[in-house]
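The exercises below ask you to read a structure step by step, with a worked solution after each task.

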Amino acid sequence: MMKKNNTSPQHIDEILASLDSIRRAEAPDFFLTRLEGRLANRSAELHGWVWFNRPVLSFATLCLLLVLNVFVISNFLQSDSRSTNNATGIEVFAEEYDLNGTSVYNEKPTP
């Protein structure tokens, strides 16, 4: 069923009379002061390390640092093994061309 649009002057007067009893809304005591304090604290938090206080982000950062450390250590160990392989390669080259630094003239005669 459709509502009947009641626009009689009596109905309009009833509606306007109901508005006479409306009071202005009042905020609790010190509401503005507390609100300003909360906003100031919130803006101060946004400038700090707020993202680090969240467990998900701190855990992700920790995992990233761990992976980065493992990568750097493994590269460091591989570069050490390459340098020892290069020394072995140089020794093999010197031995193959008889460039090991020993000479007949450098030897002391045995008594």
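**Exercise 1.** Determine whether I12 is buried or exposed, or in between.

Solution. I12 is partly exposed, because its relative accessible area is 41%, where buried means under 20%, exposed over 50% and partly exposed in between (1.4 Å probe, protein chains only). I12 lies in helix α1, residues 9–20, helices being DSSP runs of H or I with at least four residues, and strands runs of E with at least two, numbered from the N terminus. The model is predicted: local features need pLDDT of at least 70 and side-chain atom pairs pLDDT 80 or more, whereas totals for chains, interfaces and linings use all residues. Residues are numbered from 1 along each chain as its sequence is written, and side-chain values use heavy atoms, with hydrogens and water left out.

**Exercise 2.** Describe the fold and the burial of the protein chain.

Solution. The protein chain has three helices and zero strands, in the order α-α-α along the sequence. Of its 111 residues, 1% count as buried.

**Exercise 3.** State which helix has the lowest confidence and which the highest.

Solution. For pLDDT, the predictor's confidence in each residue from 0 to 100, the protein chain has a mean of 78, and 68% of its residues reach 70 or more. Confidence is lowest in helix α3 (residues 55–96), at a mean of 81, and highest in α1, at 86. Where pLDDT is low, the predicted coordinates should not be read in detail.

**Exercise 4.** Locate F30 and characterise its backbone and exposure.

Solution. F30 sits in the loop between α1 and α2 (31–46), and its phi is positive, about 60°, although F30 is not a glycine. With a relative accessible area of 64%, F30 is exposed.
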